[in-house]
Amino acid sequence: MPRPQKCRLVCAMPNTSRFSPDRVQNEEPVILRLDEYEAIRLIDYAGLTQAECAVQMEIARTTVTAIYDSARRKLAQSIVEGRPLTIAGGNVQMCKRRAQGHCTHCRCHRVFAKGKDSIS
């Protein structure tokens, strides 16, 4: 019996949860889970390493690698096939300290507060 999936820490909900090509012909959307979105945001947008992303999301680095690979495949599928992309679902927990306005745990909070280049 496999271990239960550990909840992934997500800093904030995305500003936009749906992207769609100009000419959609009743295509089934590609679903990007919130943990996959967070991995893309932290690694590609904020410039964190997979190890730093793992610490941020409170999961193993190998889990981050799997989540990141899955997210990249889904993004590619959406672009190549011209399918809508929806960000939703997943076993996640929102960072409560960020919502309260005094988060020191989330390195990504410092990225948004000081600019993209503030991560060392």
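A residue is called buried here when its relative accessible area is under 20%, and by that criterion helix H1 of this predicted model is mostly covered, with 10 of its 12 residues buried.

**View 1. The protein chain as a whole, with its helices and strands.** The protein chain holds five helices and five strands, and from the N terminus on these elements follow the order β-β-β-α-α-α-β-β-α-α. Of its 120 residues, 35% count as buried, while the accessible surface comes to about 7500 Å², of which 51% belongs to carbon and sulfur atoms. Among the contacts in the protein chain with a separation of 6 or more, 75% are accounted for by residues 24 or more positions apart.

**View 2. Helix H1 and its buried residues.** Helix H1 spans residues 34-45, and its buried residues are Leu-34, Asp-35, Glu-36, Tyr-37, Glu-38, Ala-39, Ile-40, Arg-41, Leu-42 and Ile-43. Just after H1, Gly-47 adopts a positive phi of about 80°.

**View 3. Arg-41 and Glu-38 within H1.** Arg-41 belongs to helix H1 and has a relative accessible area of 7%, which is under the 20% limit, and therefore counts as buried. The side chain of Arg-41 is joined to that of Glu-38 by a polar contact of 2.9 Å. An α-helix has 3.6 residues a turn, so residues three or four places apart point the same way.

**View 4. The crossing of H1 and H3.** The axes of H1 and H3 come within 8 Å and cross at roughly 95°, and H1 is therefore roughly perpendicular to H3. On the H1 side the contact involves Asp-35, Glu-36, Ala-39, Ile-40, Ile-43 and Asp-44, which meet Val-64, Ile-67, Tyr-68, Ser-70, Ala-71, Arg-72, Lys-74 and Leu-75 in H3. By residue class, this contact of H1 with H3 comprises eight nonpolar, one polar and five charged residues.

**View 5. The crossing of H2 and H3.** Helix H2 (residues 50-57) and helix H3 (residues 61-81) have axes that come within 8 Å and cross at roughly 100°; because angles of 65 to 115 degrees count as roughly perpendicular, H2 and H3 are roughly perpendicular to each other. Gln-50, Ala-51, Cys-53 and Ala-54 of H2 make the contact with Arg-61, Val-64, Thr-65 and Tyr-68 of H3, and the residues of this contact divide into five nonpolar, two polar and one charged. Val-64 and Tyr-68 of H3 take part in the contact with H2 and also in the contact with H1.

Technical notes: Residues numbered from 1 in each chain as written. Predicted model: local features only at pLDDT ≥ 70, side-chain atom pairs only at ≥ 80, totals over all residues. Heavy atoms only, no water. Axes fitted to C-alpha atoms, helices over the stretch in contact; angles between N-to-C directions. Helix = DSSP H or I, 4+ residues; strand = E, 2+ residues; numbered from the N terminus. Parallel < 35°, antiparallel > 145°, perpendicular 65-115°, else oblique. Contact = heavy atoms within 4.5 Å. Nonpolar A, V, L, I, M, F, W, Y, C, P; charged D, E, K, R; others polar. Buried < 20%, exposed > 50% of the residue type's maximum accessible area, 1.4 Å probe, protein only. Polar contact = N/O pair within 3.5 Å; in protein donor to acceptor, adjacent residues only side chain to side chain. Areas by Shrake-Rupley, 256 points an atom, 1.4 Å probe, with all protein chains shown as cover.
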